[in-house]
Amino acid sequence: MPTPHSRKARLPLLASFSLICLSACADTPSAAIAQPVPVQPSAATAAAPAAPPAQAPKPQTFAQWRDSFRQEALGKGIDADLFDRAFAGVTPDEDVIKADRSQPEFSRPVWAYLDSAMSSQRVATGRSRLSAQRETLDAIEQRYGVDRRILTAIWGLESNYGQNMGNRAVIRSLATLAHEGRRPQFAHDQLLAALDILQHRDIEPSGMLGSWAGAMGQTQFIPTTYNQYAVDFDGNGRRDIWNSAADALASAAHYLQQSGWRSGQPWGQEVVLPANFDYAQADPAVKKTVAEWQALGITAAGGQRLADNLAEQRAALLLPASHRGPAFLLLNNFSTIMRYNNSSSYALAIGLLSERFQGAGQIHATWPTDDRPLSRSERIELQTLLTEKGLEPGGIDGIIGANTRRAIRSFQQQQDWPADGYASVELLEALRQP
């Protein structure tokens with residue numbers, strides 16, 4: 001799902017929000033902010049009767065929220081008849097609420113995710129689609145400069161080449177989330193943008209289907225991203241990412257182009273690290289030129305070579321499964337893919353799947369399959385223990401972000417371990433020791 005940028009949207013005062021918000025990755029805990037400092041009562045006030053507790057305001061019913069939102073939408077230029085058609089029969093979707101509030105305890109390891117993403121069926125279907133859409137992809141590459149195989153990989157992962165786009169009414173999903181979701185403002189703004197799409201007659205309300213979170217079409221655009229980057233590439237007068245593969249693929253290409261895609265450059269490649277490598281340098285914030293990485297002893301995996309014409313390009317090093325697993329040198333286009341979906345595993349899957357279409361993309365190093373990923377509760381415990389040791393993981397939310405990785409590296413260095421910033425069972429057990 002693409003991450004929207006801050007550009008002017010169609011509706012007045014409608015700002016686009018980053019999908020990074022969806023990860024709820026706070027750097028600092030907010031629980032203490034609303035807690036007032038206790039004040040001891042004075043002698044004059046101690047005997048005074050306590051005031052009755054204030055009554056909490058009753059939450060709005062869905063009907064009350066809808067009526068208030070209707071006034072706002074009409075004030076922003078949405079046609080009253082369109083609003084009423086779009087909301088006809090709309091009620092809260094309890095399944096959407098359940099999905100929004102669910103926080104899975106366990107997650108798949110990266111190697112399992114990649115195996116699924118690059119299944120033989122997905123690769124074979126992708127090759128077939130590349131052939132069937134050859135002329136369209138020729139034209140898209142010529143206009144936007146984005147590699148056709150990258151686009152096809154995104155198409156495959158986002159919707160299985162248009163076969164699994166989601167079957168929920170986007171208006172109902174977003175209205176549910178705007179009324180009682182965990183991020184109501186985000187859903188509120190997406191809902192306004194969705195009404196704007198309907199007003200421009202690109203799709204009818206009945207055809208505006210997507211995921212429970214409101215991601216739409218063959219390339220899973222959220223409404224604000226659609227309004228900024230969707231294009232009518234097939235020339236029929238409508239931007240239709242649901243029913244037109246040409247529109248969907250060109251819209252994804254437009255998004256990547258505007259996100260900084262560099263035509264003719266790879267996303268990165270697997271590399272081999274030298275003995276006694278300083279694993280603390282495997283961090284997204286550490287950027288060196290390819291030539292500088294080579295000078296540190298990094299070589300290409302599988303007997304290949306690092307491209308000479310990329311020697312001055314800046315790159316970062318990724319160890320997705322600790323120093324025990326494969327290593328990848330990542331160029332600018334990898335970061336561009338992550339703007340589509342803010343996940344290094346996703347971006348890695350896109351890059352490797354795009355190569356699988358050509359018979360490449362095989363990983364040479366072995367994965368540490370004996371390593372069990374931490375559950376969510378274990379990740380929270382890990383962050384709690386890091387905090388207790390004064391290592392400042394940047395909050396306790398169960399999300400292993402940049403601050404937590406830095407804290408882990410500090411602890412690993414204290415233990416004289418490879419400082420790869422990886423959250424492992426072994427690390428958690430060491431933190432538990434008094």
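**Figure 1. The second largest pocket.** A pocket is an open set of points on a 1 Å grid over the protein atoms alone, with protein on both sides within 12 Å along at least five of seven lines. In this predicted model, the second largest pocket holds about 710 Å³ of space, a volume being the space filled by probe spheres set on the points, which are joined across faces, edges and corners. Its lining (residues with an atom within 4 Å of a point) numbers 34 residues, and Pro 266, Trp 267, Gly 268, Gln 269 and Glu 355 lie nearest the centre. At least two lining residues come from each of α8 (148-159), β3 (268-272), β7 (327-330) and α15 (344-356); helices (H or I, at least four residues) and strands (E, at least two) are DSSP runs, numbered from the N terminus. By class, the lining comprises 15 nonpolar, 13 polar and 6 charged residues. Here Ala, Val, Leu, Ile, Met, Phe, Trp, Tyr, Cys and Pro count as nonpolar, Asp, Glu, Lys and Arg as charged, and the others, Gly among them, as polar.

**Figure 2. The nonpolar cores.** A nonpolar core is a set of buried Ala, Val, Leu, Ile, Met, Phe, Trp, Tyr and Cys residues joined through side-chain atoms within 4.5 Å, where buried means under 20% relative accessible area (1.4 Å probe, protein chains only). The largest such core has 80 residues, with Phe 69, Phe 87, Ile 171, Leu 195, Met 208 and Leu 256 making the most contacts inside it. Helix α12 (residues 245-258) contributes the largest share of this core, 9 residues. Apart from this core lies another of 17 residues, including Val 271, Tyr 279, Val 290 and Leu 317.

**Figure 3. Surroundings of Leu 256.** Not counting residues up to four places away in sequence, Leu 256 is in contact (heavy atoms within 4.5 Å) with Val 146, Ile 150, Leu 151, Ile 154, Trp 261, Thr 336, Ile 337 and Tyr 340.

**Figure 4. Thr 387 in helix α16.** Thr 387 is found in helix α16 (residues 376-388). Its relative accessible area of 40% makes Thr 387 partly exposed, a class between the buried limit and the exposed one (over 50%). Beyond four places in sequence, Thr 387 touches Pro 393 and Ile 396. The C-alpha atoms of Thr 387 and Ala 407, 20 residues apart in sequence, are 8.8 Å apart in space.

**Notes to all figures.** Residues are numbered from 1 along each chain as its sequence is written, and side-chain values use heavy atoms, with hydrogens and water left out. Local features need pLDDT of at least 70 and side-chain atom pairs count only at pLDDT 80 or more, whereas totals for chains, interfaces and linings use all residues.

Note on methods. 1 Å grid on protein atoms, 1.4 Å probe; cavity = no way out; pocket = protein on both sides within 12 Å on 5 of 7 lines; lining within 4 Å.
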